[in-house]
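Here is a short report for someone new to reading protein models. Keep the structure open beside the text and look up each element as it comes.

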Amino acid sequence: MTRYTLRAVILCVAMSFSARLTAQTGGSVVGRVLNAATNSPIPHALVTLRGADAGPVQTYVTQTGSDGRFSISDIVPGNYVPIASKSGFDQGHSQRMPTPSDTPPIAIQTGQALPIDIRLTPQASITGRIIDGDGDPVRRANVQAQQYFYVGGKKDLRTTANAATDDRGQYRLYNLTAGKYWLLVAPNNRFLAMGLPMHGSGQGQPQANAEPLSGLAATYYPGSPDFGHATELVVTPGAALENIDMRLAPERLYAIRGSLPQGEARQGLSIYATSLDPNTERGGFQTRFYEDHFELIGLPPGKYMVNEQQVSTPQRKITEQRYARQVVEIVDRDVEHVDLTLSPGATIHGVIKASDESLLKNNLNVSFQETDAGRANGYGARVAAGAFSITILPGTYTVHVNGGQAYLQYILAGSDRLPDFKIDTARLPGNLTLVIANDFGKVEGTVTDDAGKPVYNANVTLIPDAKTADAQDRFRSAYTLANGEFSMTTVPPGQYRLFAWAGVDPGAPLDPDFLKPFQERGVAVKVESNSKQSFDLKVILAPHTR
Amino acid sequence: MRLLFFLLYITPVFSQSTLGSIEGKVVNSLTGEPVKKAVVNLRSRTGQNTYNAVSDSYGKYHIDNVTPEKYIPEANAEGYSQSRLAEAPKLLTVNTGQALSGADITIAPLSVITGKISDEDGEPMQGVRVSAVQFLNFNGSRQLQALNSSQTDDRGIYRLFDLQPGRYYLQAAPQNQALRNVANSPAVRVHSTVPEEGYASVFLPGVPLISQASPHELKPGEEWTGADFKFRKQPLYHIRGHIVADPLPGGVRPNVQAESGDCQQTSALLNSGIFNSGIAVPGAQNVFDLRVVSGSYCLAVREAARGLALRMNVTVKDANVDGITLTPPQPTSIKGNITIEGTPPSPLPAMGINLRSDESNQAHAQVTSDLTFQIDNIFPGKHTIVMPVTPALFIKSMLYGSTDVTNGVIPDVQPGVTLSIVLASDPGQITGTVQPGSLESGAQVMIAAIPGDALANRNDLYRVTRSWTEGPFTLAGLAPGAYKVVALEGQNFEDIQNHELLQLLAGKGAAVTIQAGSHEQVTLLPISISDVRQAKERIQ
């Protein structure tokens with residue numbers, strides 16, 4: 001015990017001694033943290049200078065005074081990224097994408113006092129009240145602020161903030177980054193389902209006046225369940241949008257019913273429905289099990305995937321996992337006879353091959369991503385001794401190989417070479433051979449603006465010409481340094497177009513609709529095996545999507 | 001489950017002319033105003049017939065084709081308490097062909113606590129978790145429970161709604177986000193001029209311990225707006241040291257936590273999980289480093305699957321506390337055997353035995369087919385034996401080494417001492433009826449057999465059931481001894497599991513002495529809901 005403490009003390013002394021040594025030769029920084037919208041100083045903001053050089057990273061931390069000013073001295077010379085953070089302001093890349101207007105890393109030298117201003121963008125809020133057709137507050141509704149993101153080359157609405165309404169129907173969305181938002185209110189209809197009579201439960205006489213179940217419709221601002229009638233809210237830095245109220249219309253809710261296997265064949269069975277409407281992520285519908293059938297209740301009109309899944313129960317009768325699913329559309333009545341037949345999934349065996357066999361020593365994973373709309377299942381399998389085996393639901397999938405410094409070159413199904421990276425479990429002539437390679441090319445260069453000045457945080461993208469399912473895997477993207485330089489070292493050989501953007505939404509250049517007007521400004525690049533090429537690019541000012 | 005229960009009944013068929021109907025209003029108990037969109041449920045006492053309706057914009061509901069019977073009415077509406085918890089509902093009797101009207105159901109509005117949280121500069125504090133905390137009784141033990149919690153928004157405002165009326169303590173736990181951003185690691189050397197300061201969790205009106213806190217008595221339908229907190233940054237100090245313990249299988253290391261207060265006085269609260277001033281999972285050398293504000297703390301070492309291993313008081317004044325050595329004791333095992341006197345039921349149902357320490361550590365073992373058991377992972381100290389047995393048997397006696405522990409308490413667990421349990425197969429039984437007293441005939445009641453003082457610790461001896469006035473009840477599986485039997489009006493099951501409350505009400509019950517195999521008969525008068533409520537207030 002005493003020996004242990006003594007060691008700790010010696011270590012502490014040694015550390016403070018070395019800190020003092022560097023102190024005498026250090027640089028310093030003085031500066032302010034400012035509100036980017038109002039230019040007023042921000043008190044009590046945390047300021048960090050994070051070392052950007054290789055080796056042990058030095059990080060300096062201080063906070064601004066009530067006048068928004070800070071100073072840091074005794075800094076080990078080197079390059080540093082200045083970061084400021086304060087509750088209520090956007091902070092770093094986690095909340096927004098890098099842009100050329102970000103404060104670039106600074107070089108600190110001995111004896112120099114560098115002045116810097118760090119600007120923080122204030123966050124915004126949206127508040128309002130949700131009522132039903134009678135003007136009564138809607139409680140515990142989920143109000144979602146959605147923004148466009150590019151995923152897999154497609155524009156897709158994603159929820160970036162959400163809030164629940166309180167007992168007065170009021171909600172408050174806050175800490176919002178400036179941009180365009182769509183509001184979706186998803187009411188919580190669960191309470192209503194409480195009053196729903198059991199279906200054919202063997203009660204006494206049926207109620208003659210039993211009412212059909214109704215709930216409230218999920219609604220887009222300003223007041224339609226149809227996204228086509230939605231209006232975007234433009235939120236500026238620091239804005240407080242008030243009275244963004246919405247009235248939710250009543251909506252009939254329906255049931256889906258189907259038969260159930262009997263007795264032991266029912267063990268380990270679960271049934272659930274998920275909405276296939278891309279704009280209403282709704283699930284969690286109640287499932288009721290009866291003697292000979294199941295019932296999913298409280299579903300608004302729309303398309304659903306009804307999933308049945310049966311887990312294996314080793315000590316009992318069910319020996320393998322089995323699945324069934326079916327797309328069901330509810331229009332204006334309950335849907336009966338959704339009688340699913342459970343079947344085991346498709347089992348796929350495969351091997352990984354590479355001309356450089358050292359690649360197979362890496363920890364590799366194979367993943368299968370479903371491609372049909374509304375069927376977004378993904379599966380992953382570990383590669384062991386160059387082989388894998390996986391059981392997946394029947395369907396069409398894109399195949400990806402992850403891990404290790406390699407890309408998927410082509411696929412053999414049996415002895416057939418597939419035209420792309422897609423497989424259909426119903427049409428596989430044999431085991432899969434996934435051929436991977438690491439003969440990457442290198443693409444580097446600089447980005448300047450029209451005045452010839454280097455651009456910081458320009459987004460350089462390399463878009464594959466072939467619009468195959470694997471475009472995402474081959475797409476490459478990098479941000480420029482303060483001197484305008486960029487470097488992409490793992491480019492699979494092939495034909496590409498190269499672009500440099502200022503302030504583009506990540507992933508947007510993969511969308512053909514986005515790219516179309518800029519197509520001619522891209523540089524055609526042919527990447528050969530193990531090649532190295534350099535390009536000087538002019539920056540393109542891209543329109544913001546969010 | 002409930003569905004299968006329905007299916008066991010054969011549905012009697014009534015012709016349309018013999019069926020009745022019910023109509024009435026759902027009413028706010030506080031204002032007398034109608035409640036719309038309430039879900040009304042009528043359930044016959046046997047559960048055979050149930051009907052549902054939703055109240056309209058005048059609070060009215062109507063159900064027809066009702067089989068003649070006695071019904072328990074219930075109403076549920078958003079923002080209201082379930083009617084059965086508020087007060088015992090009056091039964092509705094539908095006679096043949098009757099159109100019953102005026103069947104009003106009263107429900108009580110739920111309550112709100114709201115407030116604003118600011119820092120020493122008066123700036124709003126975002127992300128502070130505010131919890132409404134209550135003492136609740138489960139299976140005879142009193143525990144702190146967070147009933148509802150919410151985080152403050154960017155204006156520092158929080159709002160807790162749908163709270164049942166009752167006595168609440170409020171706790172506010174700030175996030176201390178800035179502390180997490182500035183972490184030292186082997187790869188990053190941090191030079192900080194930011195003072196090590198933070199905000200400690202407090203109870204309203206700003207005290208570290210619940211014993212110092214002032215509770216608020218929340219009334220039905222109340223919106224309490226006075227629940228503001230003002231935080232002040234305090235210097236942080238380190239509590240550092242190391243643990244002398246081998247990692248558990250799988251490399252799992254013990255966890256050290258600093259909890260506000262003195263180890264002896266806060267024992268009942270330790271596991272509530274809301275007193276964390278800092279948690280550290282020891283690193284490679286079992287070293288821990290906790291950051292706390294000045295105050296008194298209980299350091300608690302917990303091991304996965306074993307629970308609390310060690311506690312130690314630490315007082316932090318105005319400096320770091322370094323060099324603490326924590327040496328958790330070695331866990332031990334208890335071996336035991338069971339003997340059954342008389343004819344055991346065949347097949348013998350599976351049995352389990354639990355040991356519970358004062359610190360709420362739980363250890364469990366299954367009794368094997370040769371009627372032996374081994375309970376592992378027990379730390380030394382006082383433990384309570386909890387062994388639920390089938391009503392066909394009762395625990396006659398328990399011996400720990402040569403110490404009689406029939407009262408269910410092992411004073412100190414020692415290695416190598418055997419626990420011998422004798423079960424007997426001739427338990428006693430109490431049957432009886434509950435007279436209406438001031439209630440109507442058929443009102444819902446709960447009945448409990450309460451063991452006398454000597455065995456008051458034996459949670460397994462309490463027996464409860466439900467019935468109605470003038471209805472029969474049976475309490476089976478009673479061990480010989482002195483009991484008090486009480487009947488409570490209503491359906492609030494928390495009350496009848498509250499052994500502290502039952503002991504307080506025992507004086508109003510009937511005294512019954514059970515012998516082996518005896519069948520006793522009692523007639524009870526129900527204790528009214530208002531008498532139960534008064535007794536509950538005395539406990540609080």
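In what order do the four strands of the open sheet with β3 in chain B stand? The order is β3-β2-β5-β6, and the pairing is antiparallel. Now look at one pair. Strand β5 (residues 69-76) of chain B and β6(B) pair in the antiparallel sense over three bridges. Within that part of the sheet, E69(B) stands opposite V94(B) of β6(B).

Chain B has another open sheet of four strands, ordered β30-β29-β32-β35, with antiparallel pairing. Here β30 (362-366) and β35 (409-410) of chain B stand at the edges. Each of these has a single partner strand, so one side of each lacks a neighbour in the sheet. Strands β29 (residues 352-357) and β32 (residues 383-386) of chain B are joined by four bridges in the antiparallel sense. S357(B) has H383(B) in β32(B) as its bridge partner.

Next comes a helix. Which residues of helix α6 (residues 529-539) of chain B are buried? They are V532(B), A535(B) and K536(B). Seen down the axis of α6(B), the buried residues fall within an arc of 100°, so they line one face of the helix. The buried residues of α6(B) pack against β41 (481-489), α4 (493-496) and α5 (499-505) of chain B.

Strand β41 of chain B also holds V485(B). Is V485(B) buried or exposed? V485(B) counts as buried, because 21 C-beta neighbours lie inside 10 Å. Leaving aside neighbours within four places in sequence, its contacts include I430(B), A449(B), G509(B) and V522(B).

For contrast, turn to chain A. P429(A) lies in the loop between β32 (422-424) and β33 (432-437) of chain A. P429(A) has 9 C-beta neighbours inside 10 Å, so P429(A) counts as exposed. Beyond four places in sequence, P429(A) is in contact with A413(A), G414(A) and D416(A).

The table gives one C-alpha to C-alpha distance for each of these two residues.

| Pair | Apart in sequence | C-alpha to C-alpha |
|---|---|---|
| V485(B) and V522(B) | 37 residues | 8.3 Å |
| P429(A) and L412(A) | 17 residues | 9.7 Å |

Chain A as a whole has five helices and 41 strands. Of its 546 residues, 30% are buried. Among contacts in chain A with a separation of 6 or more, 71% join residues 24 or more positions apart.

How far can the model be trusted? The scores are ipTM 0.79 and pTM 0.81. Chain B averages a pLDDT of 83, and 87% of the residues score at least 70. Two stretches of chain B call for care. Over residues 1-12 of chain B, pLDDT stays under 50, and the model has eleven contacts there beyond four places in sequence. Over residues 267-279 of chain B, pLDDT also stays under 50, with 31 such contacts. Where pLDDT is low, the predicted coordinates should not be read in detail.

Terms used:
Residues numbered from 1 in each chain as written. Chains lettered and ligands numbered in written order. Predicted model: local features only at pLDDT ≥ 70, side-chain atom pairs only at ≥ 80, totals over all residues. Pairing = 2+ DSSP bridges. Helix = DSSP H or I, 4+ residues; strand = E, 2+ residues; numbered from the N terminus. Buried ≥ 20, exposed ≤ 12 C-beta atoms within 10 Å, placed from the backbone. Arc of directions from axis to C-beta. Contact = placed C-beta atoms within 7 Å. pLDDT = per-residue confidence, 0-100.
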